[in-house]
Structure formats: C-alpha cells, structure tokens
Amino acid sequence: ENRASTTQPNMLKLFVGKKKPTITPKDSINKLRDTLDMLEKREDFLEKKIQMEVANARKNARRNKRAALMSLKRKKAYENQLNKISGARITIEQQLMAIEGAHTSMLAFDAMQTGAQAMRTMHGAMNVDSVEDTMDDIRDQMDIASEISDAIATPLGPDILDDDELEAELAELEQ
C-alpha cells in the first residue's frame, strides 16, 4: 500500500513532464520576425532556382526536349514550394501584427492601471470636505492679508496736511 502511493507521483512525472517556460510577447515577436527573415531568404533562393530552370528549359527547348521538360517540372515544384512559403509568410505576418497589437494594448492597459493606482493613492490623502476646508482657510488668509495691506496703506492719525493751508499756498503760486 505504501509502495503504490510513492510510485504514483513518479509515474505522473513521466507523463506530465516539465513545465514549459513562459513565452513573453517580445520573445514571440522576435521569433516570428526571425522566421519571416528566414522565409524571405528561402523565397529569394527559390525565385533564383525558378529563373535558372526557365533559362535551362529555354536553352534545351530545341535540342534536348527531355532536359527542358525536366527543368519545367523542377520549376513547377519550386513554384509550389514558393506558394506554400508565401502563404506561411502571410499567416506569420498576420500573427505578428496581432501579437504586436495585443502587446501594445497590454502595455497601454498596464500604464492606465498604474495611473489609476497613482490617482487612488493621491486621492486617498484628501477628500472633497478637506479640500473645501483648505480653500476656506486660504480665502480667510487672503482676506486677512488684504486687511493688513489696507491698514498699512492708511495714513496715521488725522490728516497731516490741512486742505485750507494747501489752498492758500496754491493761490500764492498763481499770482
């Protein structure tokens, strides 16, 4: 009984295997780009082979029909491979665009979450009532500052100069 329970986990390890490493969007994007580069090189290679077979077929068209037909058969085979590679490239390009779009959306969403968290943190320290109280305090202090400024600007005591005296001095100057 004890032995059976200890062998079962070992048996499971055989079937389950190791966990696959997590593939990041950047890893996937890089692998897809590398694959596209490889496929593009393969397409270039096949296009050169097709051109070479066409040239061979032309060269042998009159004097060696069998060799010309073989060249055309190879050309068709290369064209079939080229079509398959072109289809694979289109699929990979579409997948690459989808992953890049999803990755961009994920980054934008992460940024928005960070911004929302920052706003929550900032707003956690204040509320509407405390802001209104602070604004009232500021208004009170501005009123006090204005009153102080007015008080400083007001002359001390009764008018230092008598208006009648100033009128008499002005009349003397006019003569």
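Modeller: Let's begin with Glu 43, which sits in helix α2. Helices here are DSSP runs of H or I with at least four residues, strands are runs of E with at least two, and both are numbered from the N terminus.

Biologist: Before we go on, what kind of model is this, and how are things counted?

Modeller: This is a predicted model, where local features need pLDDT of at least 70 and side-chain atom pairs count only at pLDDT 80 or more, while totals for chains, interfaces and linings use all residues. Residues are numbered from 1 along each chain as its sequence is written, and side-chain values use heavy atoms, with hydrogens and water left out.

Biologist: Why is Glu 43 called buried?

Modeller: Buried means under 20% relative accessible area, exposed means over 50%, and partly exposed is in between, using a 1.4 Å probe and protein chains only. Glu 43 has 8% relative accessibility, so Glu 43 counts as buried.

Biologist: Which residues is Glu 43 in contact with, leaving aside neighbours within four places in sequence?

Modeller: Those are Leu 82, Ile 85, Ser 86 and Arg 89. Contact means heavy atoms within 4.5 Å.

Biologist: What makes the link between the side chains of Glu 43 and Arg 89 a polar contact?

Modeller: The distance is 2.3 Å. A polar contact is a pair of N or O atoms within 3.5 Å; within protein, one must be able to donate a hydrogen and the other to accept it, and residues adjacent in sequence count only if both atoms are side-chain atoms. At 2.3 Å, the pair falls within that cut-off.

Biologist: And where is Arg 89, buried or exposed?

Modeller: Arg 89 is found in helix α3. Its relative accessibility is 18%, so Arg 89 counts as buried. Leaving aside neighbours within four places in sequence, Arg 89 is in contact with Leu 36, Leu 39, Glu 40 and Glu 43.

Biologist: Why is the pairing of Glu 40 with Arg 89 called a salt bridge?

Modeller: A salt bridge is a side-chain nitrogen of Lys or Arg within 4 Å of a carboxyl oxygen of Asp or Glu. For Glu 40 and Arg 89, the closest N and O atoms are 4.0 Å apart, and the pair forms a salt bridge. Glu 40 lies in helix α2 (residues 25-60) and Arg 89 in helix α3 (residues 65-124), so the pair ties together parts that are 49 residues apart in sequence. Glu 40 itself has 37% relative accessibility, so Glu 40 counts as partly exposed.

Biologist: How many salt bridges does the structure hold?

Modeller: There are 7. One of them joins Asp 136 and Arg 139, at 2.9 Å from N to O. Those two are 3 residues apart in helix α4 (residues 128-153), so about one helical turn separates them. Salt bridges that share partners also join Glu 40, Glu 43, Arg 89 and Glu 93 into one network.

Biologist: How do you know that Glu 79 and Lys 75 form a salt bridge?

Modeller: Their closest N and O atoms are 3.2 Å apart, and they form a salt bridge. Both lie in helix α3, 4 residues apart, about one turn of the helix. Lys 75 has 16% relative accessibility, so Lys 75 counts as buried, whereas Glu 79, at 25%, is partly exposed.

Biologist: What makes the nonpolar patch on the surface?

Modeller: Met 119, Met 122, Met 126, Val 131, Met 135, Ile 138 and Met 142 form it, with about 670 Å² of accessible area together. Patches are made of residues with over 30% relative accessible area and no salt bridge; like charges are joined within 9 Å, and nonpolar side chains (Val, Leu, Ile, Met, Phe, Trp, Tyr) within 5 Å. Helix α4 gives the largest share of the patch, 4 residues.

Definitions and conventions:
Areas by Shrake-Rupley, 256 points an atom, 1.4 Å probe, with all protein chains shown as cover.
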